[in-house]
Amino acid sequence: MTDLQAKISAEVEARRDDLIALTQELIRIPTLNPPGENYREICEYLDRRLKASGFETQLVRAVGAPGDSEVYPRWNIVARREGARAGECVHFNSHIDVVDVGKGWTTDPFGGELKDGKVYGRGACDMKGGLAASIVAAEAFLAVVPDWQGAIEISGTADEESGGFGGVAYLAEQGFYQKVDHVIIPEPLNVDRICLGHRGVWWAEIETHGEIAHGSMPFLGDCAVRHMGAVLHEMEATLFPALAQKRTDMPVVPEGAKQSTLNINSLHGGQEEIPSDSTGLPSPVVPDSARMVIDRRFLIEEDIDEVQAEIRDVLERVKAGRAGFDYGIREMHRVLPTMTERDAPVVTTVTEAIRQTLGKDPSYVVSPGTYDQKHIDRIGKLKNCVAYGPGILDLAHKPDEYVGVDDMVASAQVMALSLLSLLGSPQSP
């Protein structure tokens, strides 16, 4: 490590307490999605912080995006600081939303408690610790290297947990990534790993149709729930075993995600559920509709048309052997797999920074689920993108979610050294 690299790393370490405090403050703003609470509040907090560090900022509402409303507007922040001379732009993108708290917590989900070198809270790992680390990394770099070239951007974006359409997708559609050269997304993939991309996803709703009748005379109707049961039986018999045989050369983690997968996301048939505070009983009717939402994760070796055809083949096999069977299918969401090449500039840069900081080579992984790289690739047309940040992926969305302070410091050092490599002056080693 050169003297300048050592100085930058020491500057990050000197900001350890600030990094902890920033993470805690971000956690204490409960940006729950759904429905999309306190987006404006956290953007204004980040606006004050980044302006104080010399960034020019924009608050951008994703008007008309899915989920955007007057009650729950989809706010984002984009901050940019120009260097002394023209050069490339490095963009750090973090999502500001967090998922529901759920049950089983032993700490305050929005308390930001510091205990045994860990900061606890919903979003600590996924991914407010990463957002804080990217900000401290940029500030430390700016404090040590006044003569740099290019631009640094930091964004806090909405709705990644529900598809990112009110966040990165909207910004990409508005052209915000046209002047960006390198993107680092500080998702929690472990501090010694670089995430190159993700599997594909296809969501669809399957509906089976029937005929309503009195529940005491079901033979006069046609039960859509039984028809859906036949679909599930066919999936178990043919589709799930076939998917288990499909394997990828992508370095997907964990091991189970190296195959194609299908999750039954939800299943509903018949009448709407009675409210929990009601003492009444449902009426006796044969359900004439059953709906199932499927979540199909597919590999870079698979074609989206093949993925869809497999589901239709299941339904057609059931139809061929079952009297009265009829169905409908509606696509809800699709994302194609993406994977950045290992020799891409941002990959090689972060790789070397990890070697300098941790003293070892990183491992390269692919995420089992999608994140906002999909929009940077598909809409922003920018392939030079990775996910790299602090936190353990398995803790995301779990009770007592936390991020390790040492990991945040180390990842901030990696990000700051990456800035030096990509934006340092020609005289910088």
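Two strands pair if DSSP finds at least two bridges between them. Helices (H or I, at least four residues) and strands (E, at least two) are DSSP runs, numbered from the N terminus. The model shown is predicted: local features need pLDDT of at least 70 and side-chain atom pairs count only at pLDDT 80 or more, while totals for chains, interfaces and linings use all residues. Residues are numbered from 1 along each chain as its sequence is written, and side-chain values use heavy atoms, with hydrogens and water left out.

**View 1. An open sheet of 4 strands.** The strand order is β10-β11-β9-β12, and the pairing is antiparallel. Strands β10 (261-269) and β12 (327-335) stand at the edges with a single partner strand each, so one side of each has no neighbour in the sheet. H268 has R291 in β11 as its bridge partner.

**View 2. Two helices packed on the sheet.** Helix α6 (residues 224-244) touches β9 (200-209), β10 and β11 (contact means heavy atoms within 4.5 Å). The direction of α6 makes about 15° with that of β11. Helix α7 (residues 304-321) touches β9, β11 and β12, and its direction makes about 160° with that of β12.

**View 3. Salt bridges.** The whole structure holds 31 salt bridges (a side-chain nitrogen of Lys or Arg within 4 Å of a carboxyl oxygen of Asp or Glu). One of them joins K246 and E310 at 2.4 Å, N to O. K246 lies in the loop between α6 and β10 and E310 lies in helix α7, so the pair ties together parts that are 64 residues apart in sequence. Both K246 and E310 are buried (under 20% relative accessible area; exposed is over 50%, partly exposed in between; 1.4 Å probe, protein chains only). A network of salt bridges links K246, R296, E302, E306 and E310.

**View 4. The largest nonpolar core.** A nonpolar core is a set of buried Ala, Val, Leu, Ile, Met, Phe, Trp, Tyr and Cys residues joined through side-chain atoms within 4.5 Å. The largest has 66 residues, and F141, I152 and Y388 have the most contacts inside it. Helix α10 (residues 405-423) gives the largest share, 13 residues. A second, separate core of 24 residues includes V168, I185, V253 and A387.

Technical notes: Axes are lines fitted to C-alpha atoms, for helices over the stretch in contact, and angles run from 0 to 180 degrees between N-to-C directions.
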